[in-house]
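Here is a short note for someone opening this structure for the first time. Please read it with the model on screen.

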Amino acid sequence: MKRGFKAGLTVLAFAAGGMSGQAGAADAENGEYLFKTICAACHSIEPDSHRTGPSLHKIWGHPAGKAEGFDYSAAFKGAAADELIWTEENLDKFLRRPRSVVKGNKMAYLGLRDDADRADLLAYLKRMSQ
């Protein structure tokens, strides 16, 4: 299914109250597309394959700022010291507005406001963490 057509169906489903936007109804395939178009410029999903940002391999349920071999900014070192764990709730908040979760982070990424797209991206990250 083409991306634009799928997005139109998603909008119609939300308008009709047919979808909740929760990860259970999420589309991990669209999440993979979003990862490749939004995240992959700076992040890898492969183990120990850091880029400008750390590898997101098995991020689900793991502490923030602690991927071995990556030199984190002071903001993420602070998040690690505060014991921030990448739960679904924390990842959702971070993907929506990163600076609201890790204040002072240096990521160029400003956030993904669309609830359905965020749920899809979360579904992909969760799948890749298992």
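**Notes on the model**

1. Start with Ser129: with a relative accessibility of 13%, Ser129 counts as buried (buried means under 20% relative accessible area, exposed over 50%, partly exposed in between, with a 1.4 Å probe and protein chains only). Ser129 sits in helix α6. Leaving out residues up to four places away in sequence, Ser129 touches Lys58, Ile59 and Trp60. Contact here means heavy atoms within 4.5 Å.

2. A word on the source. This is a predicted model, in which local features need pLDDT of at least 70 and side-chain atom pairs count only at pLDDT 80 or more, while totals for chains, interfaces and linings use all residues. Residues are numbered from 1 along each chain as its sequence is written, and side-chain values use heavy atoms, with hydrogens and water left out.

3. The overall make-up. The chain has six helices and zero strands. Its pattern along the sequence is α-α-α-α-α-α. Helices (H or I, at least four residues) and strands (E, at least two) are DSSP runs, numbered from the N terminus. The chain has 130 residues, and 38% of them count as buried. Among contacts with a separation of 6 or more, 43% join residues 24 or more positions apart.

4. Lys58 belongs to the loop between α2 and α3. Its relative accessible area is 38%, so Lys58 is partly exposed. Its phi is near 55°, a positive value in a residue other than glycine. Beyond residues up to four places away in sequence, Lys58 touches Met128 and Ser129. Lys58 and Lys126 are 68 residues apart along the chain, yet 7.8 Å separates their C-alpha atoms.

5. Asp48 also deserves a check of its backbone. Asp48 is not a glycine, but has a positive phi of about 55°. Asp48 is placed in the loop between α2 and α3 (74-81). Is Asp48 buried or exposed? At 66% relative accessibility, Asp48 counts as exposed.

6. Now the packing of α2 with α6. How do the two helices cross? Helix α2 and helix α6 (residues 115-129) pack at about 95°, and their axes are 7 Å apart. Axes are lines fitted to C-alpha atoms, for helices over the stretch in contact, and angles run from 0 to 180 degrees between N-to-C directions. Therefore α2 and α6 are roughly perpendicular to each other. The cut-offs are these: angles under 35 degrees count as roughly parallel, over 145 as roughly antiparallel, 65 to 115 as roughly perpendicular and the rest as oblique.

7. The residues at that contact. From α2 they include Ala28, Glu32, Leu34, Phe35 and Cys39; from α6 they include Asp117, Asp120, Leu121, Tyr124 and Arg127. By class, the contact of α2 with α6 holds eight nonpolar, two polar and five charged residues. Ala, Val, Leu, Ile, Met, Phe, Trp, Tyr, Cys and Pro count as nonpolar, Asp, Glu, Lys and Arg as charged, and the others, Gly among them, as polar.

8. Phe35 lies in helix α2. Phe35 counts as buried because its relative accessibility is 4%. Its contacts, not counting residues up to four places away in sequence, include His43, Leu56, Leu121, Tyr124 and Leu125. Phe35 and Asp120 are 85 residues apart in sequence and 9.6 Å apart in space, C-alpha to C-alpha.

9. The largest pocket. Its space is about 860 Å³. Of the 37 residues that line it, the closest to its centre are His43, Gly53, Pro54, Leu56 and Tyr72. A pocket is an open set of points on a 1 Å grid over the protein atoms alone, where a 1.4 Å probe fits, with protein on both sides within 12 Å along at least five of seven lines; lining residues have an atom within 4 Å of a point. Grid points are joined across faces, edges and corners, and a volume is the space filled by probe spheres set on the points.

10. What the lining is made of. The elements that give two or more residues to the lining of the largest pocket are α2 (28-39) and α4 (88-96). The largest share, three residues, comes from α4. By class, the lining has 21 nonpolar, 10 polar and six charged residues.

11. Last, Gly111. Gly111 lies in the loop between α5 (98-101) and α6. Gly111 is partly exposed, at 25% relative accessible area. Leaving aside neighbours within four places in sequence, Gly111 is in contact with Leu95, Arg96 and Pro98. Gly111 and Arg96 are 15 residues apart in sequence and 4.6 Å apart in space, C-alpha to C-alpha.
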